[in-house]
Amino acid sequence: MRSCIILLFTVLIAFSGCRKDDPQVDDPIVDLQNIAYNPSAHTIPIPPLFPQMVIPADNPTTQEGVLLGRFLFYDPIMSRDSSISCATCHKQELSFTDGLDKSIGIDGKVGKRSSMSLANIGFANRGLFWDGRVSSLEIQALHPVEDPNEMDEKWPNVIRKLQVHPTYQQMFRKAFGIKNNKEITKEMVAKALAQFQRTMVSAGSKYDKFIRQEILDLDNDEFEGMSMFNDNSGGALKDGGCAHCHSPVLFTADNYFNNGLLTDAQQAMTQTRFNVTGFNSDMGKFRAVSLRNIALTAPYMHDGSLASLDDVIEHYSTGGVPSTNVDGLIPEHGAVPTSASEKDKLIKFLNTLTDTEFINNPAFKNPFEQ
Amino acid sequence: MRIATLLISMIVLLGACEKEPMVVEKAGLKLTFKAVYDSEPLLLSRNYEFMNGDSIRFQRADLIISDISIGNSKNVSLSQVEWLGFSEKNADPSKIEEGFSFNFNDVEPGVYTSLYWNIGLNQVQNRSTPANYTFPHPLSNAELYWAGWNSYIFSRTDGKLLTESGTYDFSYHTGGDILTRALEWNQNIELKAGEVKEIIIYIDYKKIFVQDGEVYDIKNNLSSHTSAQIAVAHAIADNMKLAVKYELK
């Protein structure tokens with residue numbers, strides 16, 4: 001009797017093990033070759049003054065790939081309990097952030113970082129995540145699924161769920177030309193997500209219209225705020241030095257900076273750029289995010305520790321927390337802008353970077369709600 | 001028939017011989033740029049002894065260089081634009097000896113009498129913007145473009161001066177057409193067919209601040225970002241030109 005119980009228990013464990021870790025077992029092979037595979041190129045329009053976007057040769061953007069990526073982005077199917085999708089932490093109305101200091105994943109678990117905006121993420125060439133630990137959108141997309149604080153799922157399970165899903169079978173066929181459902185891979189998922197994210201181009205703000213001369217002028221305060229931002233007020237106003245790390249037109253230098261948020265002791269206990277490169281000069285550095293749509297993406301910084309744009313400007317005005325590796329650009333520009341009027345002008349300029357066309361663009365909306 | 005075949009074969013062979021291009025072997029030139037501090041390889045974030053008991057530490061050390069050529073009776077263009085990103089390269093202790101090497105393997109053999117290059121860009125290049133280039137072209141990097149100047153940032157020399165009275169953060173950026181500095185090294189450079197000659201070009205970051213015993217007043221001139229600080233930018237650009245040393249291997 002005792003042996004039988006042990007055997008049954010063993011079989012149950014083995015069965016559940018097969019279902020979870022070896023998803024190929026039992027699921028039927030579905031031949032998809034009767035569905036036409038004829039992907040159409042999707043040209044991502046590059047706005048005037050923007051740099052060219054680098055698209056990997058092994059992942060050309062197609063209409064079918066973008067559509068598949070969009071569905072996957074909004075589908076919680078990739079999380080362990082089907083409760084979390086990419087869009088949970090990347091909401092279009094918040095420029096694809098989530099409004100939280102630290103993102104909340106499965107089972108209400110609190111993550112380690114504030115969600116980053118995806119606006120113009122396709123132009124990032126020098127690493128992704130706050131510490132730049134991955135080199136491409138295709139690699140980045142693989143991470144959240146197995147992160148215990150995010151989707152906490154295993155890729156084999158995700159792939160099985162997609163392989164048995166009739167709609168996804170067809171979509172993967174159309175996007176990647178698979179012959180049958182068993183050919184769906186996590187790399188294809190990542191490629192589709194990357195294709196969709198590359199289409200998230202934001203260039204419809206008041207600032208954009210001004211530099212493209214579609215509108216005649218910014219108002220006076222906005223213009224003066226821009227001069228402070230770019231250090232070219234000619235001495236009339238304090239220079240903010242903002243553009244060193246937030247270079248127009250993308251409003252990011254696509255690089256990593258120690259912006260005076262953490263003490264030396266805190267830096268030693270925090271995952272920063274140093275943990276990726278091992279170089280002392282990278283201690284305490286984080287990716288400089290784009291300031292496009294910045295008014296929509298509070299709270300700010302990697303840990304969401306600054307609640308408002310007022311707080312951010314105050315942080316830079318006072319020079320931040322002293323540390324060995326704090327960027328010389330921060331203290332050098334500390335105490336500017338000093339007056340409430342100057343801060344107000346800088347914030348008014350930052351508000352011109354809000355792109356309402358982007359956050360309402362139907363091409364980026366949840367396809368399950370349309 | 002056999003004779004005819006033989007004849008045709010010979011004609012074909014002869015024709016082939018005539019078409020064979022004359023192979024003229026070229027010479028190679030390797031230019032290696034190294035950042036040093038007082039002859040030691042420059043390591044980012046390391047404290048170096050400066051002057052009068054002070055120390056200095058560099059956080060950024062980058063340059064755009066352009067119009068690299070060698071000349072004798074005529075100029076041979078080698079490269080239009082290159083990026084010397086010591087901020088990244090010299091952050092890695094295992095790579096600080098490497099420097100940035102550029103190999104030119106298709107140079108006409110001969111004796112050249114000068115090496116020419118610019119720190120900064122020429123006016124035509126500086127009218128472009130990052131939108132005109134594709135990554136990884138150096139000029140595609142938006143971080144190197146300063147919209148307020150309508151110019152690329154030709155050099156960035158940022159760091160901290162550590163003194164008894166406190167720490168002084170300095171940030172010297174040069175840009176704008178008038179801050180391009182043309183360099184010329186007059187030296188016989190004999191390039192032989194099939195051989196590669198190397199020139200090592202050292203940029204001594206101490207010499208940017210100390211020239212013939214004269215110490216630049218960092219404390220009172222901490223940055224060069226705005227038009228009001230143009231004199232500081234000129235001083236840094238001039239000193240950088242004087243901080244260059246050459247070695248023909």
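**Figure 1. Tyr37(B) in strand S1 of chain B.** In this predicted model, Tyr37(B) sits in strand S1, which covers residues 27-37 of chain B. Is this tyrosine buried or exposed? Tyr37(B) counts as buried because 22 C-beta neighbours lie inside 10 Å, and the cut-off for being buried is 20 or more.

**Figure 2. The surroundings of Tyr37(B).** Stay with Tyr37(B) and look at what lies around it. Which residues does Tyr37(B) contact, once its neighbours within four places in sequence are left aside? They are Leu42(B), Tyr48(B), Asp204(B), Tyr205(B) and Lys206(B). Pick out Asp204(B) from that list: Asp204(B) is 167 residues away from Tyr37(B) along the chain, yet their C-alpha atoms are separated by 5.2 Å.

**Figure 3. Helix H13 of chain A and the glycine that follows.** Now we move to chain A, where helix H13 runs over residues 309-318. Which of its residues are buried? Val312(A), Ile313(A), His315(A), Tyr316(A) and Ser317(A) are the buried ones. Just after H13(A) comes Gly319(A), whose phi is positive, at about 90°.

**Figure 4. The two domains of chain A.** Domain 1 of chain A is made of two stretches, 22-201 and 359-369, while domain 2 takes in 206-354. How many residues of each domain take part in the contact between them? On the domain 1 side of chain A there are 25, and they are in contact with 27 residues of domain 2. The domain 1 side of this contact divides into twelve nonpolar, seven polar and six charged residues.

**Figure 5. Where chain A touches chain B.** Here the two chains come into view together. Chain A brings 30 residues to the contact and chain B brings 29. On the side of chain A that touches chain B, the classes are eleven nonpolar, 13 polar and six charged residues.

**Figure 6. Chain A as a whole.** Let us step back from the details. Chain A holds 16 helices and two strands, and its C-alpha trace spans about 85 × 50 × 35 Å along the principal axes. Of its 370 residues, 48% count as buried. What share of the contacts in chain A between residues at least 6 apart in sequence joins residues at least 24 apart? The share is 67%.

Definitions and conventions. Residues are numbered from 1 along each chain as its sequence is written. Chains are lettered from A and ligands numbered from 1 in the order in which they are written. This is a predicted model: local features need pLDDT of at least 70, side-chain atom pairs count only at pLDDT 80 or more; totals for chains, interfaces and linings use all residues. Domain bounds come from an automatic or database domain assignment. Two residues are in contact if their C-beta atoms, placed from the backbone, lie within 7 Å. Ala, Val, Leu, Ile, Met, Phe, Trp, Tyr, Cys and Pro count as nonpolar, Asp, Glu, Lys and Arg as charged, and the others, Gly among them, as polar. Helices (H or I, at least four residues) and strands (E, at least two) are DSSP runs, numbered from the N terminus. A residue is buried if 20 or more other C-beta atoms lie within 10 Å of its own, exposed if 12 or fewer, and partly exposed in between; C-beta atoms are placed from the backbone.
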